[in-house]
Structure formats: structure tokens, C-alpha cells
Amino acid sequence: MIQDKRVLVVSAHAADYVWRSGGTIAKYIKGGAQVHVVVLSFGIRGESNDLWKQEGATYESVKQERLAETTRAAEILGISQIEFWDLPDYPMAPALTEEVRERMIRKMRQVQPDIILTHDRNGSDILNPDHNEVARFVFECSIQSNSNGYRLEGTKTTKQMRLFGFEPHQTELSKFVPGTLIDISEVYEQKVAAMECFKAQKHLIRYYTERAHLRGNHLRRISGNQTYQYGESFSNFFPAAGEELI
Ligand SMILES: [Zn+2]
């Protein structure tokens, strides 16, 4: 049941969680789930090209604009639990220190998530090494968080959770394979409104709008449910496991 779920979303940059999981996030919040979002960086160097074209743009002015945009988008999606860790990006790998790792594990143990949404681990985002680094980082943190042997004062070991990977921008080129399709029809307008908050990445609004139509088509075809209009897809870090074939 959606209402019983605790979800942790980890986004490399300021807008990634909106393009790739905004509909699912809004749907889960609407359904009563607890959703926590961690935005690791504002994507100031790597994902703010259009903002840097503005006269007099500085690192600080771009950051403030990205913060305002993503805060507004989060509000539209109904997100109340969101943290901005303000790490440097492009490249992000050097910023993923032991200290940041411990902070992430602490966060996982605080949220005790049933589900983690983050960047795709199975494929490789062909143009965005930060996304690949974050996928690996979050996966490793989840394994440590689930391990009793990883001692962290004041925290409780998590149980094995399900991990799902975002659909990257260059789907086929990144060899992304959808493992799960989620109907987002009831919250699609919210997702579009949230995407429109980001001035620096207009091309992605079109891309993920088209994706939503395509994934809606796949949802109808595979499920047989003709009411599905729009969808999001995720890769599965692990196979489905349970008492029934689903
Ligand atoms: Zn990104």
C-alpha cells in the first residue's frame, strides 16, 4: 500500500528528481506515503548553462536561482521534507567523502526507507558521470546502512529496501532498460508545472513530456488498463521477490 511506504529520493542535482520521478513522488505523497528528498548539489557548474548566459552571473547568483526553482518545484509536487546538501558538481566524485557517506547512511537510518529512488546503476549515463557516481554511492551507502556491522552512534540498522533507478536523458544511448513502469496520470499536471520551474533546462521539459506519453503507451499495452495516460519508468536494482509472480 502506498500510504504505508517510506521513500527516500536522492538526486545528484537540483532538478533530477523532478524530471525523472516527479510524478511518482507526487503520487506517493498524494497517497499518504512519507517522502524524503536529498538534493546533493545545485548543479551549478554542470546543469545551469542558460543561467550562466545571464549578464553578471556568479556562482552565488546561479545557486540562489537554482535553489528558488527547485524549492518551488518541490512545493508543487507536495514535498515537505527536502534537504539541500550543496556539494560541488561536475565532478561530484571528489565531494563524496567519508563524511558525506556517513551523513547519507545516517539519513537512511533516520528515514528507514522501504524504497529508494536514485540514479540508474544498471546502465551508464553516457553524458553525465555525476549521475553514475551518485548511483554507485547511494547503492553502497544502502548496503552499509543495512549492515549491523556498520556502527553509527544513535542510529538503527535499516532493513533491505527496494532500489529503483531514474530514467536518464539519453535512454537508449545509456542502455537504460525499464524494469518498472508507474502510471502518473492523476498527477501529470503537477509534474508538468514542477518541470516548468526550471529555466535553465527547457529542453528537458520537452524530453520528459514526450517520455511520459511513451511510457503511458507502454503501461496501457503491458497492463491492459486503458485509463493509463502518462507514465515514468525506473530500472530495478534487484529482481522482484515475493510470494506471487507480478
Ligand atoms: Zn543531474
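Tutor: Let's start at Thr118, which sits in strand β4. Keep in mind that this is a predicted model. Is Thr118 buried or exposed? Its relative accessible area is 0%, and anything under 20% counts as buried, so Thr118 is buried. Look at what surrounds this residue: leaving out residues up to four places away in sequence, Thr118 touches Val10, Val134, Val138, Phe164, Gly165, Phe166 and Phe237.

In what order do the strands of the open sheet run? There are 7 of them, in the order β3-β2-β1-β4-β5-β7-β6, with mixed pairing. At the edges you'll find β3 and β6 (180-183), and each of these pairs on one side only. From one strand to the next, the twist averages 25°.

Here's a bit of background: strands of a sheet pair through backbone hydrogen bonds, and they can do that parallel or antiparallel. You can find both kinds here. β1 and β2 run parallel and are joined by 6 bridges; within that pair, Val9 has Val37 in β2 as its bridge partner. Helix α1 (residues 16-30) packs on the sheet, touching β1, β2, β3, β4, β5 (162-166), β6 and β7 (231-236). The direction of α1 makes about 105° with that of β7.

Follow the sheet along to β7 for the antiparallel kind. β5 and β7 run antiparallel, joined by 3 bridges, and Phe166, one of the residues Thr118 touches, stands opposite Phe234 in β7. β6 also pairs with β7 in the antiparallel sense, over 4 bridges, with Ile182 opposite Glu232 in β7. β7 itself is mostly covered: 5 of its 6 residues are buried.

Next, the packing. Which residues touch the most other members of the largest nonpolar core? That core has 38 residues, and the ones to pick out are Val9, Tyr17, Val18, Trp19, Val35 and Leu117. Elements giving two or more residues to this core include β1, β2, β4 and β5, along with helices such as α3 (59-77) and α6 (188-195). The most comes from α1, with 6 residues. Take Val18 as an example: apart from residues up to four places away in sequence, Val18 touches Ala73, Leu77, Lys191, Ala194, Met195 and Phe198.

Finally, have a look at helix α4, residues 98-111. Its 14 residues at 1.5 Å each should span 20 Å, and the end C-alpha atoms are 20 Å apart, so the two agree. Several of its residues are buried, including Val100, Met104, Ile105, Met108 and Val111. What covers the buried residues of α4? Among the elements doing so are β4 (115-118), β1 (6-11), β2 (34-41), β3 (81-87) and α5 (129-145). Just after α4, Gln112 takes a positive phi of about 50°. That brings us back to β4, the strand where we found Thr118.

Technical notes: Residues are numbered from 1 along each chain as its sequence is written. This is a predicted model: local features need pLDDT of at least 70, side-chain atom pairs count only at pLDDT 80 or more; totals for chains, interfaces and linings use all residues. Side-chain values use heavy atoms; hydrogens and water are left out. The expected span of a helix is 1.5 Å times one less than its number of residues. Buried means under 20% relative accessible area, exposed over 50%, partly exposed in between (1.4 Å probe, protein chains only). Contact means heavy atoms within 4.5 Å. Two strands pair if DSSP finds at least two bridges between them. Axes are lines fitted to C-alpha atoms, for helices over the stretch in contact, and angles run from 0 to 180 degrees between N-to-C directions. A nonpolar core is a set of buried Ala, Val, Leu, Ile, Met, Phe, Trp, Tyr and Cys residues joined through side-chain atoms within 4.5 Å.
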